[in-house]
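Hi there,

Here is the structure I promised to pass on to you.

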Amino acid sequence: MFTEQNRNAGRAMVTDSIAITFTLNGATTSIDVSCTHTLAKVLREQLGLIGTKISCEQGECGACTVIVDGKAVNSCIVLAPEVDGCEVLTIEGLAQHGELHPIQTAFIEEGAVQCGYCTSGMIMSAKALLMENSDPTDLDIREALAGNLCRCTGYQRIVRAVSSAAKKLQTVDAGSMKG
Amino acid sequence: MPGDTPADGDWREGLKKAAAMVGWGDPKKSNVGRGIAIGVKTPIPASVSNAVAKLCADGSVTVAVGTTEMGQGARTVFAQIAAEVLRIPVEQIKVIMGDTTVAPFDLATAGSRSTVTMGTAVMAACEDLLIQLGAIARELGVIDREEDAEFANATIRGHQGPISYGELLKQYLGTLQGEIVGRGMFQGEKDSSHPLGGLSDFWEVVFTSAEVEVDRATGKVAVRKLVNVSEVGLAINPLQARAQEEGGLIMGLGHTLMEELVYDESGKLLNAGPLDYRIPTAMDIPTIETHLMENRDGPGPFGAKGIGEGPVIAVAPAIADAVYDAVGVVIKDLPLTPERVWSALNASGRGGKNGN
Amino acid sequence: MTEVEYVGKSIRRADSVKKVTGALEYTIDSNMAGMLHGKLLRSTFARARIISIDIAGAQKMPGVVAVLTASELPQPVPRFGPVIADQPLLASGETKYHGEPIAIVLANDEDTAAAAIRQIRVEYEELPAVCTVADALRPDAPLLHPGGKRHDGRICDSNVCGEFEFKWGDVDQAKRECARIIDDVYSFPMIHHHALEPLSCIAYPMDGGVAIKSPIQSPFILQRVIASCLGLELSAVRVIASDIGGGFGGRGYPKLEPLAAYSAMRTGRPVKISTSLDDGFFTVRRLAATVSIQTGFDSEGRIVFQDVKADFLMGAYADACTRIVQKAGFLGCGLYRTPNARIVSRAIYSNTVVSTAWFWYAPVGVGYRVSDECRKPVIKNRSARNQVAQFARQRRGFCAG
């Protein structure tokens with residue numbers, strides 16, 4: 001996914017910061033980033049998007065999940081220069097025109113939200129799953145969420161919410177809602 | 001303990017329900033077992049909670065409490081209680097939490113106490129507002145006697161029909177100067193002769209049952225079903241209450257089957273971090289079912305009790321009991337890792353292939 | 001009152017939209033103008049004498065405003081704790097658990113603070129540590145708090161911080177008379193709450209006092225502890241509890257806040273200490289326990305006595321563990337009508353991470369053995385269904401006297 005951008009990344013090895021351009025929640029974004037900063041740090045601190053949460057900072061807990069070029073990634077272990085030329089989707093990009101995405105609505109309605117700290121990451125992992133598999137089984141959902149830790153909910157309601165959102169999305173015109 | 005608040009609730013009903021929900025008595029394959037256990041705990045004795053409710057000029061309300069929100073849903077529960085007492089839409093209630101300069105003293109958000117203690121304080125603060133509104137209405141001649149005050153739809157019914165709270169304040173205090181403040185307090189009963197300083201306000205009682213399948217060859221315990229029945233008095237918000245109970249069950253699953261901090265002999269912690277310290281993931285969860293017993297017998301608002309912590313207590317005995325039922329070994333050390341179960345099976349001669 | 005409109009209804013959580021859109025601001029998401037970032041250096045040994053800490057390299061890094069160790073703090077080093085104020089802001093003289101904070105760097109940005117931490121050189125002399133109940137109770141065991149106060153105000157002359165006894169009836173007499181006695185020992189390991197939100201707090205100076213924003217479960221306890229630790233009046237300490245990303249009892253009592261508050265008052269600037277998930281493992285855990293229960297039965301299988309000894313392994317500092325252990329002991333007989341009982345529960349210091357409440361003061365140690373204990377005398381001649389009924393019959397009148 002990132003190999004085409006390695007040219008830039010290679011140059012970045014000898015400088016402290018590098019200019020990158022990428023699509024963020026549908027908008028072209030050009031910024032200078034430190035070569036040692038993670039995507040999570042850039043999103044949160046440079047771009048003020050605190051919806052991507054940090055926790056383990058080792059790629060283990062999934063709280064920082066965002067979608068890069070259609071794949072769910074742990075943004076805490078993606079170096080910012082790696083997303084040059086990529087399409088990045090964060091939790092802030094889900095709701096459109098003030099209307100919640102069906103996954104977000106399903107989380108609320110199923111009672112899948114408690115402390116909320118894992119919620120952004122869970123929703124993004126779910127979104128990535130549904131972009132690839134519009135009719136997932138419960139096992140598919142649990143496998144997709146296996147890298148997202150939650151301590152409050154016991155997961156059952158989260159799985160149910162994703163399943164419910166999948167069904168809702170299937171009844172919506174595929175052209176008007178992208179996955 | 002003799003002399004303490006009797007442990008309340010209908011335990012026979014709870015046990016029967018938990019047993020029925022896990023399929024107690026249904027035929028089962030070999031290496032499958034079922035277990036059941038009861039958990040009890042009490043909140044913090046002799047504790048204090050205060051609340052303040054402010055009715056603003058436009059009839060909206062802020063409720064200030066020292067309780068904090070950690071996902072348990074207290075913010076929503078207090079808004080529901082306030083809306084119910086004040087007869088105003090819940091959207092017009094804002095709950096401000098955990099600021100010591102804004103809120104009056106609250107001991108702690110802990111011990112499953114907040115719905116009962118702070119809920120009672122919130123209720124009292126809102127009732128205080130109604131008393132003041134009644135007095136204002138009488139003084140304005142809107143009603144004859146305070147005892148006759150009737151509240152509905154954010155209005156008080158006067159001689160000329162309903163008057164909104166905001167309109168009442170405007171007439172009494174002047175345009176946009178209207179605010180009245182209500183206070184409420186809960187104080188748990190102190191008892192210096194009690195070892196914990198006071199009697200228990202209530203008992204949090206849960207009935208947990210489990211169905212497991214044990215792999216004799218590896219010792220792995222697969223929990224197929226986990227059930228929790230809770231005595232909640234009344235669930236102010238049933239969805240939130242059930243969600244809390246489910247979470248507690250899986251927290252219990254973690255500590256029963258997989259969690260342990262490992263220290264070496266020199267005292268160094270070896271498994272800090274999510275990679276080496278195993279908590280349940282979405283791949284580990286059994287079928288979870290919860291049931292709320294609502295006998296409206298709690299000391300809290302509308303008969304509520306406290307919830308949220310109970311389900312974690314009885315998971316380990318229920319699962320350990322089920323393991324015994326499945327393969328006949330009693331294990332008294334947590335967690336029930338595959339190694340521990342396998343060792344117990346082999347020590348008792350019950351190990352080997354799963355067909356036996 | 002007319003028909004119920006809201007109570008008993010599953011209305012939407014008040015904070016649900018903020019949480020599903022990522023808009024909710026947890027403390028770790030917060031920043032303040034002019035804020036210093038605090039990073040902690042943690043000890044690499046469980047118990048060690050701190051021979052020297054060389055902070056010169058860290059101090060001279062551009063962007064570093066202050067580097068504090070116990071030597072830079074007021075003497076004696078301020079200590080905090082909700083019941084016994086025994087935990088120093090930074091380890092003083094000796095580290096008492098693996099991961100104990102021994103220095104803090106305060107810098108203008110997080111990267112600088114993290115880099116400066118790596119410049120600090122510490123010389124330790126490793127000392128023998130005690131990490132189990134047995135080791136902590138040996139007559140020659142090193143004492144964690146020699147001269148410190150126990151729960152009952154007496155001076156610590158062992159690693160027992162608190163000891164509680166509950167009894168009624170005459171257990172010794174009952175032992176002589178009962179038909180059958182069963183001995184069991186149960187053990188519960190140390191576990192961690194593992195909330196997803198990492199510990200963090202922001203403290204800032206305020207009107208001759210200090211304000212602290214923290215995911216603390218109990219803001220008034222934090223207020224009291226900080227006021228006491230720093231010698232401030234309660235009215236000079238403001239605590240603003242943010243929404244907590246998972247509490248579970250692990251966020252009930254102060255941990256990093258007193259140090260942040262002191263640092264803010266000392267520098268005159270807001271101070272944010274933020275950590276990651278791993279740090280939580282070096283900050284807080286649940287008590288471990290070994291519970292020995294001797295139960296006596298009459299010839300019909302009814303419980304005649306319970307003799308319970310519960311030893312709880314605390315961490316290096318008391319936190320609220322004495323109260324937790326007291327409460328756990330209080331429920332030591334579990335669910336059964338027990339005419340004669342003796343329960344002794346002890347809270348014992350060890351060179352492990354500080355332990356605290358877990359699901360507040362849940363008597364986990366007691367709950368575990370209930371099923372097993374009751375099962376034994378009846379398993380020979382009753383079905384499982386009858387056993388369930390047996391629970392219910394025995395349970396009635398449990399606390400009636």
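Chain A has a mean pLDDT of 91, with 88% of its residues at 70 or more. Still, where pLDDT is low, the predicted coordinates should not be read in detail.

**Where the chains meet**

Chains B and C touch through 85 residues of chain B and 79 residues of chain C. On the chain B side, the elements that each give at least two residues are helix H1 (11-22), strand S1 (32-41), helix H2 (74-86), strand S4 (93-97), helix H5 (238-257), helix H6 (310-313) and helix H7 (315-327). Sorted by class, this side of chain B holds 48 nonpolar, 22 polar and 15 charged residues.

Chain C also touches chain A, with 23 residues of chain C in contact with 26 residues of chain A. Two helices of chain C, H1 (16-20) and H8 (277-281), each supply at least two residues of the chain C side. H1(C) provides the largest share of that side, 3 residues. The chain C side here divides into 9 nonpolar, 7 polar and 7 charged residues.

**A helix pair in chain A**

Within chain A, helix H3 (residues 102-109) packs with helix H4 (residues 119-132) at an angle of about 130°, and their axes are 10 Å apart. Angles over 145 degrees would count as roughly antiparallel and those from 65 to 115 as roughly perpendicular, so H3(A) is oblique to H4(A). Their crossing is right-handed. From H3(A), the contact uses Ile103(A), Gln104(A) and Phe107(A), while H4(A) brings Thr119(A), Ile123(A), Ala126(A) and Lys127(A). By class, the residues of this contact are 4 nonpolar, 2 polar and 1 charged.

**Backbone details to look at**

Most residues other than glycine have a negative phi, and most peptide bonds are trans. Here are some exceptions.

In chain B, the peptide bond from Leu334(B) to Pro335(B) is cis, with omega near -10°. Pro335(B) lies in the loop between H7 and helix H8 (338-347) of chain B. In chain C, a cis peptide bond runs from Gln75(C) to Pro76(C), and its omega is near -5°. You will find Pro76(C) in the loop between strand S3 (64-69) and strand S4 (79-80) of chain C.

As for phi, Arg296(B) has a positive value near 50° and is not a glycine. Arg296(B) sits in the loop between strand S11 (287-293) and H6 of chain B. Asp319(C), also not a glycine, has a positive phi of about 50°.

Asp319(C) has 27 other C-beta atoms within 10 Å. The cut-off for buried is 20 or more, and therefore Asp319(C) is buried.

Conventions
Residues are numbered from 1 along each chain as its sequence is written. Chains are lettered from A and ligands numbered from 1 in the order in which they are written. This is a predicted model: local features need pLDDT of at least 70, side-chain atom pairs count only at pLDDT 80 or more; totals for chains, interfaces and linings use all residues. pLDDT is the predictor's confidence in each residue, from 0 to 100. Two residues are in contact if their C-beta atoms, placed from the backbone, lie within 7 Å. Helices (H or I, at least four residues) and strands (E, at least two) are DSSP runs, numbered from the N terminus. Ala, Val, Leu, Ile, Met, Phe, Trp, Tyr, Cys and Pro count as nonpolar, Asp, Glu, Lys and Arg as charged, and the others, Gly among them, as polar. Axes are lines fitted to C-alpha atoms, for helices over the stretch in contact, and angles run from 0 to 180 degrees between N-to-C directions. Angles under 35 degrees count as roughly parallel, over 145 as roughly antiparallel, 65 to 115 as roughly perpendicular and the rest as oblique. A crossing is left-handed if the near helix is turned anticlockwise from the far one by less than a right angle, and right-handed if clockwise. A residue is buried if 20 or more other C-beta atoms lie within 10 Å of its own, exposed if 12 or fewer, and partly exposed in between; C-beta atoms are placed from the backbone.
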